[in-house]
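Trainee: I am new to this structure and would like to go through it with you. Could we look at it together, one topic at a time?

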Amino acid sequence: MGRFVLGRLVSLVVVLVALTFVVFIIQSAVPSDPVAATLGGGASKQVIAEKRHELGYDRPLYVQYDRFLQRLSHADLGVSLRTHDKVLTDVGRFAPATIELAVVSLLFVTIFAFVLGLWSASQGRGSGAVRVLMIGGSSLPSFLVAILLVLLFYSTLHWLPASGRTNGGTATGFVLVKSVLHLDPSAFWDGVRHVLLPAMVVAIGPGVAIGRVLRGGLLEAMRQDYARTARSKGLAARTVLVRHGVRNALTPTLSMAGLQVGLLLTGVVVVESVFAWPGLGLYTAAALQHSDFPAIVGVTFVLGAVYVVVNALVDVLQVVADPRLKDS
Amino acid sequence: MIGSVTGAPPRRPAWMGGGSRAGRRRRAGSTPLADKVILIGAALLVAVLLVLPPLLPHGPLDLAGLPLTPPGSAHLLGTDEQGHELLTRIAYGMRNSLLSAFVIILSGVAIGGVIGLVAGMAGGWVDAVLMRLTDLFLALPGPLLVLAVVAALGPSLQHTLVGVAVVWWPWYARVTRGQVRATARQPHVEAARLAGLSRLRIAFRHVLPGSLSPIVVTASLDIGNVVLLLAALSFLGLGSSDTTPELGAMSARGLTYLFSSWWVAVLPAVGVFVVAFVGNFAGDAVRDLVER
């Protein structure tokens, strides 16, 4: 086990270095001159050239990459052109909202995946309705789901709010966590009401994808001898599915779940901009509109690193769940 | 077996619609007849999308009626905030999203196919280097990188296509390489080699044709994913910056009028769903027919 974790750690580092390289390449592909942009239109050619030299933009690419890595090692992601704050400060300010949204979404992903997986597997093979539902679920653009839920729950039924994290005031930090710590049920309820719709929208895509894999794993498990034994000793079909199926179907499901984190992070950008959820997604969407390139690169790097690390953790988790995988 | 850089067995990233191979043998609601009907239906829709838009009474930029007219007898799907006929714009938008998806997938097949073919035919260190590079790309979060690439190049449809194409080839490289390795071990390839044919000729005449079916399956299952990704990018304002009808951008602009004129935001998004749904259904049917 130790050797496996060590090997996984090494490849994690390799992938993270690759990520810094890719981000660096993207950054140096910006056609607009960042120096001219910071100095403004009035700067003379000589001033621009001096500034370029000072900042090292006239050096060869490998020297620039070295500087880029040094800045990264000092947690320096540059300064946002829009907010004029350090990108890392901005990320720290907007991350809590996204983390709360993502955690609640994960809850919904689990519910969706298990309900869909177990229900569709119990329908057996050959059900056209299951096929249409599965394919339909994975063809929904998240903004369509978001718009329809807002129209239903906000504008028609008036049950749930459609934007922001709280009623009134700009919320920062961990709203739900804070309300629990302060034993404030009304603030907690307010936060929950606000998070429900965006969390459900973020969860639908990954939930359906994981549910499909779970269904595949369950049907595979139901073909095995131990499932037949369980059935022939008189267990109910549902008991066999839950007790003998789920555990064995969990390995592929877990690996799918790790990969879905990438989709979840991208979905967050769209969903946050629909629901005006003040997190990293809304920050990115605003940065995209204002061509705030340092912010986009910074968020890409942070979220990319999260994705890579989560997938490494999932790989280790899988081996814990099924030690046979260690040798493959 | 080439060890993968990521340490884990090669898997398809979820954002490309990857799944486990478990349970692939028999799928729900799939019979050869149903699959053929689905494919014919999908082909009909594609044909309609290619032929219909120019035949509609209004062009995509014509001011056809009063702004924000609800769907009705005068305007089947209503008009948008400027008075454009939504039916026309959605029809053009669906056509554009389908054509863009085809471009992305063809470029993915071309780039990935060449890399996979070279790796699979060459073997040895060429194979090792190319496949490790591929694994590295597979381990990075593609859609996020697309955001950054398109933002760097400046938002436009061409740049979006380039950005997606850059991250869309690795899985095709992997699929092609695996199949090429399997085909290259077959007796007819051995015979061609003994007959003294050049490696290029063996690769293109004897290995590639026998390796196409998994690539075709992967590509057809991909259409829906690409349509959805492009729509999301366009929704975020990374698509075309001019007045070209793009479903994602149309829906995003319609959000302003959501509570008074729902159709402007909802109907283009439904258009995305229809294209993705038909694409996914057709892909599923192709897989069933090829793998049966």
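Trainee: Before we go on, how are residues and chains labelled, and what limits apply to a predicted model?

Mentor: Residues are numbered from 1 along each chain as its sequence is written, while chains are lettered from A and ligands numbered from 1 in the order in which they are written. Because the model is predicted, local features need pLDDT of at least 70 and side-chain atom pairs count only at pLDDT 80 or more, whereas totals for chains, interfaces and linings use all residues.

Trainee: What about chain A, what percentage of contacts with a separation of 6 or more is from residues 24 or more positions apart?

Mentor: In chain A the value is 73%.

Trainee: How many helices and strands does chain B have?

Mentor: Chain B has eleven helices and zero strands. Helices (H or I, at least four residues) and strands (E, at least two) are DSSP runs, numbered from the N terminus.

Trainee: And how many in chain A?

Mentor: Chain A has 13 helices and zero strands. Its C-alpha atoms fill a box of roughly 85 × 55 × 40 Å, taken along the principal axes.

Trainee: Which residues touch the most other members of the largest nonpolar core?

Mentor: They are A:Ala146, A:Ile296, B:Ala148 and B:Val227, in a core of 158 residues. A nonpolar core is a set of buried Ala, Val, Leu, Ile, Met, Phe, Trp, Tyr and Cys residues joined through C-beta atoms within 7 Å. Helix α9 (residues 185-222) of chain A gives the most to this core, with 17 residues. Another core, of five residues, lies apart from it and includes B:Leu117 and B:Met121.

Trainee: What is B:Val227 in contact with, beyond its neighbours within four places in sequence?

Mentor: B:Val227 is in contact with B:Ser97, B:Ala101, B:Val272, B:Val275, B:Ala276 and B:Gly279.

Trainee: Where is A:Val297, and is it buried or exposed?

Mentor: A:Val297 is in helix α13 of chain A. It counts as buried, because it has 23 C-beta neighbours inside 10 Å. Leaving aside neighbours within four places in sequence, its contacts are A:Val23, A:Ile26, A:Gln27 and B:Ala148.

Trainee: How do helices α11 and α13 of chain A cross?

Mentor: The axes of α11 (residues 237-275) and α13 (residues 293-321) of chain A come within 9 Å and cross at roughly 175°. That makes α11(A) roughly antiparallel to α13(A). Axes are lines fitted to C-alpha atoms, for helices over the stretch in contact, and angles run from 0 to 180 degrees between N-to-C directions; angles over 145 degrees count as roughly antiparallel, under 35 as roughly parallel, 65 to 115 as roughly perpendicular and the rest as oblique.

Trainee: Turning to chain B, how far does its helix α11 reach?

Mentor: Helix α11 (residues 263-291) of chain B has 29 residues and reaches 41 Å from its first C-alpha to its last, close to the 42 Å expected at 1.5 Å a residue; the expected span is 1.5 Å times one less than the number of residues. Since 23 of the 29 residues of α11(B) are buried, this helix is largely enclosed by the rest of the structure.

Trainee: What is the phi of A:His84?

Mentor: Phi of A:His84 is near 60°, a positive value in a residue other than glycine. Most residues other than glycine have a negative phi. A:His84 is found in the loop between α4 (61-73) and α5 (87-122) of chain A, and is exposed, with 8 other C-beta atoms within 10 Å.

Trainee: Where does B:Pro214 lie?

Mentor: B:Pro214 lies in helix α9 (residues 212-235) of chain B. It is partly exposed, with 17 other C-beta atoms within 10 Å.

How values were computed: Buried ≥ 20, exposed ≤ 12 C-beta atoms within 10 Å, placed from the backbone. Contact = placed C-beta atoms within 7 Å.
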